[in-house]
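Please open the model in the viewer and keep the sequence panel at hand. The stops below each begin with a selection and then describe what is found there.

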Amino acid sequence: MKLIDSLRFRIAGLFHRSGLNKDMDDELRAHIELRADDLERTGLTRTEAERRARIEFGGYQRFKEECHEAAGGTLLESVRQDLRLAFRILRKSPGFTTVAVTTLALAIGANAVVFGISNALLIRPLNVPDAQSLWGLERGPEKAVNQSYPDYLDLRDRNRSFEDLAAYNVTSVGLNTGNNPTAAWILETTGNYFDALGVQPYLGRFYHASDEHGPNSSPYIVLTYAYWHAHFQDDPGVVGRSVQLNKHPFTILGVAPRDFRGTLIFLYPDIWVPLVNQERLLMTLGHLKPGVTPAQAVADLNSIGADLEKTYPKDDSKNDLCAGSPGSGGWVAGPSSTRISSLAGLILLAACANLGSLFAARAADRSREVALRLVIGIETNAHFANVAYRSPSDFTDRWCRRTHGQRDVVARFEPVASSPRGSTYCACESRCQCLLVRTVAGRFERTALRHRPGKAGITR
Amino acid sequence: MPDQAQLLPGTLDLLILRAVSLGPLHGYGILLRIGQISGNALLIEQGALYPGLFRLVRQDLLKTTWGTSENNRRAKYYELTAAGRKRLREETESWNRLASAIGAALSAQPEEA
């Protein structure tokens, strides 16, 4: 409750700053007036009494700031002030702002792309029931995802780890549903494909392993929901209708559920067709039996693979198999995703380096302005924040302020004035930048000292 | 006033609570009251009183109302809340313990030590 109260207080303070401000002014002025009344009674003139009351009161603005701080509104307020100032200064130099924003936009864009790809590849699994136990087979050191049909048959029939193994292949065909042949992506699958995945039809039925009777034996197709929706306007009477696939007649058996979009991550097919061409290389996947670990399955598969190597030494050399992410089409294989990530990293790094040097150049340009600020008495902290907010790694700066303690940072500013090459600032990520701030601050401070000879160092 | 003592850190809050415990006061009144009850022995910068007041209000130890002063000026009056009264009692006790301990330590004779 205390936290909530305090937050409410702070937020209220932020929005009612002007009210609070007036309140404070009224109160502090009342104090000075009351004191002046007393002094006037001792025989001073009103003007002299007021003058002396103001002197006795001390630094009016400083105490008012401290009151704000005590009232709890300062942190948010000062951040707001600094952001407003940063915004104003950026608006004053549109060229710089454009370059900075474009650089950041490109870097962020690159990151978004990488995230999109890794989301598709690594985070989002295929939309089938019990997706965690679904594994694809990969072969050899290149993690090739394709098996020959005879190998697939051996693996399917002899393994003891998978509930069932299905195989499929992607290709494009000319599909004519009336008078308008169009190109369509199809998945040619083994007859047990839908049963092995555990998917149920939305409409009509799927084909099964029992429908497979050798090449060209099953002229059936299953539509995806999206294709059915787009080309048949959700017509439920579509089941049983005949369409032309590469000018051969096929019968529509059913429609798949809306969420099931095939078993490829990068491509949603339009239709599924039973495998008719056994010469093709096939991607293979299946659900592990309950209680079987991927490692056990791999050992099981490799014992079959070793046997195949012995039996067909010419065709099946280097047949070590492993279980990988299903439906990736070979894309997930380590090197390519690592390459994408490092490329994006490099782009980000280049963007940061560019921005960093831009900011360094600008910070040097600002020496006159900051010297002025120090002369008119800006707090060191506020000045530091002012530099930091508009610097590329604002976050690391604040982090370093937090870890080293605010006081420490200020303390480390002090020796700068007397010996600019003095203390090292701090050993953190933003070291270069901190050094920059330090050097710059050192110069500002020295400039300020010339104007204010009585005051040595930055006091706090 | 040449012989005024500097306040120890943290004691201003206690003095404010004590001054206000004798009845509602505005800021300047609090300062006068502290001067009066301490025999003008403490040096308090006038403006430094206000951050302390705002802090105590925020901690719900004081509550405020706007009123009119004896010479007809609009002023903000402070008074103790129940929590403030409790805090004053606790702080007074702990101050007394501290003061007597330090006093005893400083007045101890070598042979007693």
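Predicted model: local features only at pLDDT ≥ 70, side-chain atom pairs only at ≥ 80, totals over all residues.

How are helix 2 of chain B and helix 3 of chain B oriented to each other? Select helix 2 (residues 27-37) and helix 3 (residues 49-58) of chain B: their axes come within 11 Å and cross at roughly 110°. Because angles of 65 to 115 degrees count as roughly perpendicular, helix 2 of chain B and helix 3 of chain B are roughly perpendicular to each other.

**Helix contacts in chain B**

Next, display the side chains where these two helices meet. Helix 2 of chain B contributes B:Gly27, B:Ile30 and B:Leu31, and helix 3 of chain B contributes B:Leu49, B:Tyr50 and B:Leu53. Coloured by class, this contact of helix 2 with helix 3 of chain B shows five nonpolar residues, one polar residue and no charged residues.

The axes of helix 1 and helix 2 of chain B come within 9 Å, with a crossing angle of roughly 95°. This makes helix 1 of chain B roughly perpendicular to helix 2 of chain B. On the side of helix 1 of chain B, the contact is made by B:Leu15, B:Ile16, B:Ala19 and B:Val20; on the side of helix 2 of chain B, by B:Ile30, B:Arg33, B:Ile34 and B:Ile37. By class, the contact of helix 1 with helix 2 of chain B has seven nonpolar residues, no polar residues and one charged residue. B:Ile30 can be highlighted at both stops: B:Ile30 is listed in the contact with helix 3 of chain B and in the contact with helix 1 of chain B.

**The sheet of chain B**

Now select strands 2, 5 and 4 of chain B. They form an open sheet of three strands in the order 2-5-4, with antiparallel pairing. Strand 2 (25-26) and strand 4 (62-68) of chain B stand at the edges with a single partner strand each, so one side of each has no neighbour in the sheet. Zoom in on strand 2 and strand 5 (residues 74-80) of chain B, which run antiparallel and are joined by two bridges. Which residue of strand 5 of chain B is the bridge partner of B:His26? The partner is B:Tyr77.

The chain has four helices and five strands, and from the N terminus on its elements run β-α-β-α-β-α-β-β-α. Of its 113 residues, 28% are buried. Among contacts in chain B between residues at least 6 apart in sequence, 51% join residues at least 24 apart.

**Where the chains meet**

Select the contact between the two chains, to which chain A gives 21 residues and chain B gives 18 residues. On the side of chain A, the elements that give two or more residues are helix 2 (17-41), helix 3 (46-57) and helix 4 (60-71) of chain A. Helix 2 of chain A gives the most, with nine residues. By class, the side of chain A that touches chain B divides into 10 nonpolar, four polar and seven charged residues.

**Stops in chain A**

Select helix 7 (residues 149-158) of chain A, in which A:Asp151, A:Tyr152, A:Leu155 and A:Arg156 are buried. Look down the axis of helix 7 of chain A: its buried residues fall within an arc of 130°, so they line one face of the helix. Their cover includes strand 2 (146-148), strand 3 (166-176), strand 10 (281-287) and helix 10 (294-311) of chain A.

Move to A:Leu253 in strand 8 (residues 248-255) of chain A. Is A:Leu253 buried or exposed? A:Leu253 counts as buried because 21 C-beta neighbours lie inside 10 Å. Its C-alpha atom is separated by 5.7 Å from that of A:Arg205, 48 residues apart along the chain. Leaving aside neighbours within four places in sequence, the contacts of A:Leu253 include A:Tyr220, A:Ile221, A:Val222 and A:Val239.

- A:Asp130 has a phi of about 55° and lies in the loop between helix 6 (94-123) and strand 1 (134-139) of chain A. With 12 C-beta neighbours inside 10 Å, A:Asp130 counts as exposed.
- A:Asn246 has a phi near 45° and lies in the loop between strand 7 (242-245) and strand 8 of chain A. A:Asn246 counts as exposed, with 12 C-beta neighbours inside 10 Å.

Conventions
Residues numbered from 1 in each chain as written. Chains lettered and ligands numbered in written order. Pairing = 2+ DSSP bridges. Buried ≥ 20, exposed ≤ 12 C-beta atoms within 10 Å, placed from the backbone. Contact = placed C-beta atoms within 7 Å. Axes fitted to C-alpha atoms, helices over the stretch in contact; angles between N-to-C directions. Parallel < 35°, antiparallel > 145°, perpendicular 65-115°, else oblique. Nonpolar A, V, L, I, M, F, W, Y, C, P; charged D, E, K, R; others polar. Arc of directions from axis to C-beta.
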